[in-house]
Structures are given as structure tokens and as C-alpha cells.
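Dear colleague,

Please find the structure below, with its sequence.

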Amino acid sequence: MKLEKVVTKPRKGLWFLIFFAGLVVAGLMATSYNVEIVQHVNIDNIPWTKIVLGALGFITIIGSMFLFFMRLLREMRVSQIQADFLDRISHELRTPLATISLVSDLLRDPTTNPDETAKLWVSHGIELDRLKSDVELLLQAGHLRESKLRVNAEPVQLEKWIVSKWDDFQMLLGSNAVFKKTGTLSGGWVNIDLTLFELIFRNLLDNARKFSIDRPIVEVKFEVYQEGFLFRKAHWRIEVVDQGLGFQPEREDFLFKRFSRIPLSRTELKPTSVPGTGLGLYLSASASRAMGITLQGQSLGEGKGAQFILEGSFV
């Protein structure tokens with residue numbers, strides 16, 4: 001099983017030190033033993049066969065120890081990934097469940113007035129959608145391990161569809177979020193799977209919400225450009241730009257790995273707790289590849305926000 005890097009991983013430096021110290025000691029003992037044999041035996045009677053076989057046996061034992069040691073570290077990492085994932089998903093599911101439970105109690109309270117009831121129903125819907133999204137992530141991750149994602153593509157006016165879902169996306173970011181769009185796709189048609197694309201778009205917005213500073217500030221940029229040398233073809237680009245925590249540019253390779261969480265080095269930017277399973281961007285990248293769309297993430301550095309870019313061709 002391929003293991004992706006995770007933020008929290010076992011402290012294996014001490015284990016490596018102990019292992020290599022043992023190798024050095026064993027090597028010195030074997031060398032001194034062979035030297036002692038050579039010194040006390042006549043040059044014509046040196047048992048080269050025994051020395052060579054002993055050296056090969058020593059190398060075999062060391063090799064076996066090394067393989068066992070690497071296997072042990074592998075199991076430690078698997079155990080750490082499992083523990084970290086269970087901790088994240090339990091926190092991720094517990095929060096909306098607790099909110100839904102509280103809202104349900106308030107809705108059953110006869111003293112709640114109509115205005116409060118309307119607001120509670122909105123909150124109930126938001127948390128229910130969030131819970132549904134988390135469960136969908138887990139189900140998609142399970143399907144992805146078993147087989148490739150199934151794509152049911154259809155022609156869609158992508159900009160028109162995003163605008164139709166704008167209020168839902170605003171609720172996902174929160175009522176205090178600044179959410180705007182610029183540019184246009186000129187009514188172009190795109191061949192995509194709307195279910196997978198919504199999963200991608202919601203994950204990008206949810207990341208902007210989780211890693212925001214004070215409140216989410218998100219801009220969605222639409223752009224049409226031409227690409228090709230002899231036969232130029234129109235392509236579309238959608239950029240989701242936030243002003244959140246960002247990340248170090250050299251960490252871009254870790255964005256779309258399974259269970260990956262990029263650590264922040266600046267203490268003043270570290271949030272006390274950022275919920276998440278580490279699966280959202282991984283599944284988004286997988287869904288993008290399945291639909292023939294490119295997805296990339298960029299940041300100018302910590303505290304400077306992040307930019308996620310979706311690109312593809314028109315029908």
C-alpha cells in the first residue's frame with residue numbers, strides 16, 4: 001500500500017539512530033573477529049572459505065534486520081495514519097451533529113418565535129449539508145480505492161450553473177463571508193459531470209472557509225483563453241482565490257496527497273484547530289483527472305492566501 005506523507009507522523013529519528021548504531025557495533029565486532037583470525041593463523045592456512053561465508057552470513061543477517069526495521073516503521077506510519085484519520089473524522093462529524101441536535105431542541109421549544117424558527121431552519125440545513133458532504137467524501141474515498149471514479153459527463157453552461165448555485169455556496173462559506181465573482185466564460189458549454197464538479201467546487205470553498213483569517217474572503221474568477229499553435233482552441237479557467245492562511249510555495253506538491261495536511265511554520269498564524277479529513281483536495285484532484293480537467297494550487301506564502309485553478313476546454 002502506498003503511503004502518502006502526513007503532517008503527524010511517528011518520530012523515527014531515534015529508531016534510525018539505534019538501528020545504525022547497532023549496525024556499526026555489529027560491523028566492528030565482525031571486522032575485529034576476522035582480523036584476529038588472520039593475525040593468529042599462518043598466511044598459508046587462512047580459512048578464507050569460513051571468512052567469506054561468515055561475511056556473507058553477516059550481510060544476510062544485517063539485510064534481514066534492515067528489512068524488518070523498515071517494515072516496522074511502515075506499520076508505525078500506518079497506525080499513525082489510522083489514529084490521525086479517526087481523530088479527524090470523529091471531530092468533523094461530531095460538530096455538525098451537535099449543532100443539528102441543538103437546533104432540533106430549539107425548534108421543538110414552544111417558546112421559539114417564528115423569526116427565530118426561520119433562522120434555525122436555515123442553520124439546520126447548512127449543518128445537514130455539511131454532514132452530507134463529509135459522508136459523501138468518505139464514500140467517494142472508499143469507491144476510489146476499489147476502482148476509478150465513474151464519470152457521467154454532459155454538456156453544461158458552467159458559469160450559468162455556478163451562478164444558479166451561488167446562494168448555496170454563500171451559505172457554505174457563512175453569512176459573514178465576502179463572496180464575489182469577476183470575469184465571464186461567455187456562455188460557453190463544458191462537458192463535465194456536475195456531481196463531481198460540485199464536489200470539487202465545494203471542497204475548494206470549504207477549504208477557503210476553514211483556513212480563513214477572521215472571515216472568509218473569496219473571489220471566483222472566470223476567464224476564456226485560446227491555446228494551440230496551428231489549430232487554436234478556446235479553453236476556460238476558473239480561479240478560486242482566498243485571503244486565508246496560505247502555505248509555503250515549496251509545499252504545493254503535498255496539497256493533493258491523501259490525508260495530507262500542510263503545517264504552518266509561523267506560530268502567529270497557526271489556528272487552534274482546523275477540522276478536516278485530509279481527503280477533500282485528494283478527491284478533488286482525482287475527480288478532476290477523471291473528467292480531463294486540470295487542478296492546481298498556488299500560494300505566495302503563509303498568511304498570503306491561496307489560489308486554486310481549474311482549467312479545461314469547451315465543447
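At 0% relative accessibility, F197 counts as buried (buried means under 20% relative accessible area, exposed over 50%, partly exposed in between, with a 1.4 Å probe and protein chains only). The model is a predicted one: local features need pLDDT of at least 70, side-chain atom pairs count only at pLDDT 80 or more, and totals for chains, interfaces and linings use all residues. Residues are numbered from 1 along each chain as its sequence is written, and side-chain values use heavy atoms, with hydrogens and water left out.

Aromatic pairs

F197 and W236 form an edge-to-face aromatic pair, 6.5 Å centre to centre with 70 degrees between the planes. Rings of Phe, Tyr and Trp (its six-membered ring) pair if their centres lie within 6.5 Å; planes under 30 degrees apart count as stacked, over 60 as edge-to-face and the rest as tilted. Because F197 lies in helix α6 and W236 in strand β5 (residues 233-242), this pair ties together parts that are 39 residues apart in sequence. Helices (H or I, at least four residues) and strands (E, at least two) are DSSP runs, numbered from the N terminus. W236 is buried, as is F197.

A search of the whole structure finds seven aromatic pairs. In one of them, the rings of W161 and F197 have their centres 6.0 Å apart and their planes at 75 degrees, so the pair is edge-to-face. W161 belongs to helix α4 (residues 158-164) and F197 to helix α6, so the pair ties together parts that are 36 residues apart in sequence. W161 is buried, with a relative accessible area of 13%. Ring pairs link W161, F169, F197, F201 and W236 into a cluster.

Helix packing

Helix α6 (residues 194-210) packs with helix α5 (residues 166-173) at an angle of about 35 degrees, with the axes 9 Å apart. Axes are lines fitted to C-alpha atoms, for helices over the stretch in contact, and angles run from 0 to 180 degrees between N-to-C directions. Contact (heavy atoms within 4.5 Å) is made by D168, F169, L172 and L173 of α5 and by F201, R202, L205, D206 and R209 of α6.

For α6 and helix α7 (residues 280-291), the angle is about 145 degrees, with the axes 9 Å apart. Residues in this contact include L196, F197 and I200 of α6 and L281, L283 and A287 of α7.

Yours sincerely
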